[in-house]
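Me: I should like to learn how to read the features of a structural model, one at a time. Please give the general idea first and then the case at hand.

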Amino acid sequence: MRASGGRIFWASFFLTLAVIGPLLGLFAFWGVQQNRRAVQTQQVQSGVPIQRPGSLSLLLAMAGERPAFVLARLDGASPAFRLVVVPGETVVLDGQGQPITLAESYAAAGPARAGNLLAATLGIQLDRYLAATPAVWGQSLSGLGQARVNLSPLLDEAQRRALGVAAVAQLDAAEAANLLQGTDLTGPPLGRLRAAVWQAFALQSQGSLAEAVPQGLRRCSGDLLTDLTALDLEELGRVLAQLADASCSPQADLLPGRWDERTARYELEEDALTFAQALFPLAPQEAGTG
């Protein structure tokens, strides 16, 4: 009886083990597979780029007998869309700490040198530069259509008559470029006129900037002097689209300074540096080295 009972016990034990063993192995295999999938998922997700709003700081230069300059700050994160007109007569410091006008530095060594001297003088960061003649600017921005500009506080009746424009003018980009080149204004009055024209186009054409500006620059690329790359143009369009989606109102200003009638130079003062540094901050690593 005992032998018979022992055989029955061991038979039942091995039968149970035969049923439970595969089930335990199946659960163990399932657990290993789930853990492996979780690890793979984490690895894939860790490599996915996170899209963040971008930003660009540009020096825009209008080439000609009277070079003119505009600082552009496009920041999708803030969001902020600021244009700052800088007269060509603005005094900056050259590599030896000697005063020179922005127009003189541009004529001597081009927009890259002018941008570097301006950035160093103001203590700001500029990412790229873009220079073209007024005619090319008019062609590259032709996709923006027309903008209404109130000229009555900027030009008197005689000046408007000489230029052939109304108190409230409806201008396309080429006409605006001709207006700014044709006026006899200098110094701050010309800077304020330039700021009004740039703001009018940026504000009234904001919905088409993201498409029209990169396309126009590509179309006129052979006539541009710039270090903007194809990827930069894509980023420019993306940031302009972000600003339009955020309904960010573009603002244009004249860089604060003092006009010297005797020397016909535009002298920057401390408030100009504070103003510019708030809009065009240095990158963290550059700020730390200063």
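Me: Over which residues does pLDDT stay under 50?
Reply: pLDDT is the predictor's confidence in each residue, from 0 to 100. Where pLDDT is low, the predicted coordinates should not be read in detail. In this predicted model, pLDDT stays under 50 over residues 36-52, a stretch with three contacts (heavy atoms within 4.5 Å) beyond four places in sequence. The protein chain has an average pLDDT of 85, and 79% of the residues score at least 70.

Me: Which conventions apply to the other values?
Reply: Residues are numbered from 1 along each chain as its sequence is written, and side-chain values use heavy atoms, with hydrogens and water left out. As the model is predicted, local features need pLDDT of at least 70 and side-chain atom pairs count only at pLDDT 80 or more, while totals for chains, interfaces and linings use all residues.

Me: At what angle do the axes of H7 and H8 cross?
Reply: Helices (H or I, at least four residues) and strands (E, at least two) are DSSP runs, numbered from the N terminus. Axes are lines fitted to C-alpha atoms, for helices over the stretch in contact, and angles run from 0 to 180 degrees between N-to-C directions. Angles under 35 degrees count as roughly parallel, over 145 as roughly antiparallel, 65 to 115 as roughly perpendicular and the rest as oblique. Here the axes of H7 (residues 206-219) and H8 (residues 230-245) cross at roughly 170° and come within 7 Å, which makes H7 roughly antiparallel to H8. Residues making the contact include Leu-209 and Val-213 of H7 and Leu-236 and Leu-240 of H8. By class, this contact of H7 with H8 has 11 nonpolar, two polar and two charged residues. Ala, Val, Leu, Ile, Met, Phe, Trp, Tyr, Cys and Pro count as nonpolar, Asp, Glu, Lys and Arg as charged, and the others, Gly among them, as polar.

Me: How much space lies in the largest cavity?
Reply: On a 1 Å grid over the protein atoms alone, a cavity is a set of points where a 1.4 Å probe fits but cannot get out, and a pocket is an open set with protein on both sides within 12 Å along at least five of seven lines; lining residues have an atom within 4 Å of a point. Grid points are joined across faces, edges and corners, and a volume is the space filled by probe spheres set on the points. The whole structure has one cavity of 30 Å³ or more, and the largest cavity holds about 500 Å³. Among its 28 lining residues, Leu-60, Trp-137, Leu-141, Leu-144 and Trp-198 are closest to the centre. The lining has 25 nonpolar, two polar and one charged residues.

Me: Which residues join in a cis peptide bond?
Reply: Most peptide bonds are trans. Ser-78 and Pro-79 are joined by a cis bond with omega about -15°, and Pro-79 is in the loop between E2 and E3.
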